[in-house]
Amino acid sequence: MIAWSPSCTRPRQAISAGITPPNKTNNRETPVMSDIAADQLRSHLKAGEPVELFWFSTGSPALVEIAAAAKPQAIMLDAQHGLWTREGLEWTAGQLEGRVPLLIRTTDLGAPAVTSALDAGAIGVLAPMVETADQALAFVAAARFAPEGRRSGGGIRPLKSDFARYYMESRAQTVVGVMIETRAALENVEQIAAVPGLDFLFIGTGDLALSMGEFPVPSPAYEAALTHVREVAAAAGLPCGIFTGDEVDARRRIKEGFSIAVSANDISVVAKGFATAAPLRDTGPDRPAA
Ligand code: 3PY
Ligand code: MG
């Protein structure tokens, strides 16, 4: 039996082929990863259903807790540009465990960044600024235990109950994506999409526009690049995500055929919320005199 991974929809052999998560029906063997959440995310991606992401940069576990009540299909903590500390990742992952699928955009492409994110309890990682197939290959290897990769074993959450089970579940369930967000990545996107063990591509629209010289007013060439990446991903059997600024933008991209889009990010939501609160001081002269 082949345990499901988004890569299993692909023509080539999936990296997780042959890995079966331990039997979840045995009550002595409670899953140790964020199992339900992981299943939800993977089944959405497998079915080609749109996945809406809430994206968090402020490093606030409290904000994530508030947002999780809206039941997003997945949450992304941005360790590259955001204020997340190692402990913040850990506490946030703990509070979401099994309820909302948690992904982490790693600080960089290095193995320690990937290890911290997965040890904290994320069910998947997203690599920023990937430009070559070799970089994608190394990132995938850092995210997967041997024999598929070279992830180091350890961490509080993986070790807290049954590391053998965690190891098996993680081999079957961990989701790995890479960002396409530079001109060089565009040139190499076919080779990147062909990297075994990759589960999705994700376009960083801001950096891509900067790198192409298309910021702040993109031309049709920029839109054509987005379409090209989506089509390359589809040809490789991979879902393609895209960074979007709000729900309207996210809906538009999902209608175009993107699989993952960002319907809310904490910076914008908080900024907009406070902006609408400010006009109170303009209430006017109708107020009774003190
Ligand atoms: C980009 O748009 O470049 C991103 O990385 C999303 O934050
Ligand atoms: Mg970026």
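Reply: Ala, Val, Leu, Ile, Met, Phe, Trp, Tyr, Cys and Pro count as nonpolar, Asp, Glu, Lys and Arg as charged, and the others, Gly among them, as polar. By that rule, the shell around ligand 1 splits into three nonpolar, three polar and three charged residues. This is a predicted model, in which local features need pLDDT of at least 70 and side-chain atom pairs pLDDT 80 or more, while totals for chains, interfaces and linings use all residues. Residues are numbered from 1 along each chain as its sequence is written, chains are lettered from A and ligands numbered from 1 in written order, and side-chain values use heavy atoms, without hydrogens and water.

Now find the shell. Its residues (a heavy atom within 4 Å of the ligand) are Trp55, Arg105, Met179, Glu181, Gly204, Thr205, Gly206, Asp207 and Phe243. Helix α10, residues 205-211, gives the most to this shell: three residues. Helices here are DSSP runs of H or I with at least four residues, strands are runs of E with at least two, and both are numbered from the N terminus.

Next, the polar contacts (N or O pairs within 3.5 Å; within protein, one atom must be able to donate a hydrogen and the other to accept it, and neighbours in sequence count only through side-chain atoms on both sides). Arg105 brings a polar side-chain atom to 2.7 Å from a ligand 1 oxygen. Asp207 uses a polar backbone atom, 2.8 Å from an oxygen of ligand 1. Thr205 also uses a polar backbone atom, at 3.2 Å from a ligand 1 oxygen. Taken alone, ligand 1 exposes 230 Å². The protein buries 88% of that, by the Shrake-Rupley method with a 1.4 Å probe.

Step away from the ligand. Side chains of opposite charge can pair when their charged atoms come close. The model has 14 salt bridges, each a side-chain nitrogen of Lys or Arg within 4 Å of a carboxyl oxygen of Asp or Glu. One joins Glu97 and Arg157, with the closest N and O atoms 3.9 Å apart. Glu97 lies in the loop between α3 (86-96) and β3 (102-105) and Arg157 in helix α6 (156-159), so the pair ties together parts 60 residues apart in sequence.

Last, the backbone. Most residues other than glycine have a negative phi, and most peptide bonds are trans. Lys71 is not a glycine, yet has a positive phi of about 55°. Look for Lys71 in the loop between α2 (61-68) and β2 (74-78). A cis peptide bond joins Ala146 and Pro147, with omega about 10°. Another joins Phe215 and Pro216, with omega about 5°. Pro216 is in the loop between α10 and α11 (220-235).
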